[in-house]
Amino acid sequence: MSNPLSREPTVLLTPGPVSVDAAVLDALARPVRPHYGASWAQRYGSVCQSLAEVFGTREDVMLVFGPGTAALEMAMASALAPDDEIIIPDTGRFARRLTAVAKAIGLDVHTIDVALHQPLSRAELQDALERHPGTRAVALVHHETGLGLMNPIEELCRVTRDAGALTIVDAVSSLGGVEVAMDNWGIDICAGVANKCLGAPIGVAPLAVSERAWKAVDDGRAKCAGWYLNLATWREASTTRPLHPHPTTMATSVIEGLSAALDRLLEEGISATFKRHADASARVRSGLRELGFELVVDDSAASPLTTAVYAPAEMNVADYMNWLEQEHGLLIAGAFDELATKAFRVGHMGVASEMSVVERYLAATQAYRER
Ligand SMILES: *Cc1c(COP(=O)(O)O)cnc(C)c1O
């Protein structure tokens, strides 16, 4: 019998999690370190500093241990009180996740029905802000990963700020893959995750918090947050116990992996990293079009990080995906909701943004079509 462990590992072309490079795997294999003490505090601080560069911020960055959703819940629950009004435009799957979280913590959510597979426009947001003058915050998804669609986040943030509301941005699948300019765009709280474009393992979600957001945390009203997912708890730990900068045990091995991934990203250069993702997506889009596929999102709003693709009528998506994995060791993702079984998604994050992997994927897809 063949040993299943001897097979080449499957390469993830999923839009998270991602396959990580060898330096990150080496970092994960180091002995476990404790989450306190001078040398650990220094490591934690330098990871947060590298992340600040990627967030485009001089404000505070902290690490939340959990999935991206934990950081997003922490953002909304720490800055807002029960029954506070928040606008969350329905731009897709992850906007609906934000809405579910906001409702669960007791916020009063105003939605905006955005046209299917289209980005949110500035006018739509402006209109909603005028209709709901009591709005305290707007939560926006930068890259809608379910569609591979970019929202025009810079102008949406400006409209939000002009209305005096806090801007909370879900940059979970964009941080490290495209520009995020937190300070220049006026984002108040911005959440990312390690296991997407940052090319790191699963388990940690970076969160950046502006001075304005801290003022909301400190405005004296009782917030939705409990103890753990509460920015106030985090700040207290980092300011009163510098050698134990996190309120609880933290996932040190995951930080070692994230640290290696960030070193690589900053060594390559932030703009070179963005170009790597853009080149991979451009090649996948043109290669699939040459093979006769139709893409879900128009080029004008298409993301360089994920491509959603309609399956031709005669193609069985599940069969294609299984075949890619079994025959070629390549894992792509299915699609959600109205696109389920009709489309598939190809991620251009982590190892999947390397051109050799892109070419392997396109060649395999051509072979599938020609069987
Ligand atoms: C992946 C993703 C999330 C959720 O991330 P989890 O880590 O699974 O909680 C949220 N928003 C966007 C845009 C995502 O792509």
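1. Basis. Residue numbers start from 1 along each chain as its sequence is written, and side-chain values use heavy atoms, with hydrogens and water left out. As the model is predicted, local features need pLDDT of at least 70 and side-chain atom pairs count only at pLDDT 80 or more, whereas totals for chains, interfaces and linings use all residues.

2. Domains. The protein chain is split into domain 1 (4–19 + 269–369) and domain 2 (22–265), with bounds from an automatic or database domain assignment. Their centres, taken over C-alpha atoms, lie 26 Å apart.

3. Domain interface. Contact (heavy atoms within 4.5 Å) links 28 residues of domain 1 with 28 residues of domain 2. The buried area (accessible area, 1.4 Å probe, that two parts lose on being put together, summed over both) is about 2,300 Å², and carbon and sulfur atoms give 62% of it. Of the area that domain 1 buries against domain 2, Phe274, Leu305 and Phe336 supply 21%, more than any other three residues.

4. Helix pair. Helices are DSSP runs of H or I with at least four residues, numbered from the N terminus. H11 (residues 270–290) packs against H13 (residues 355–369) at an angle of about 15°, the axes being 10 Å apart. Axes are lines fitted to C-alpha atoms over the stretch in contact, and angles run from 0 to 180 degrees between N-to-C directions. The two helices are therefore roughly parallel (angles under 35 degrees).

5. Helix contact. The residues involved include Arg283 and Leu288 of H11 and Tyr361 and Leu362 of H13.

Technical notes:
Angles under 35 degrees count as roughly parallel, over 145 as roughly antiparallel, 65 to 115 as roughly perpendicular and the rest as oblique.
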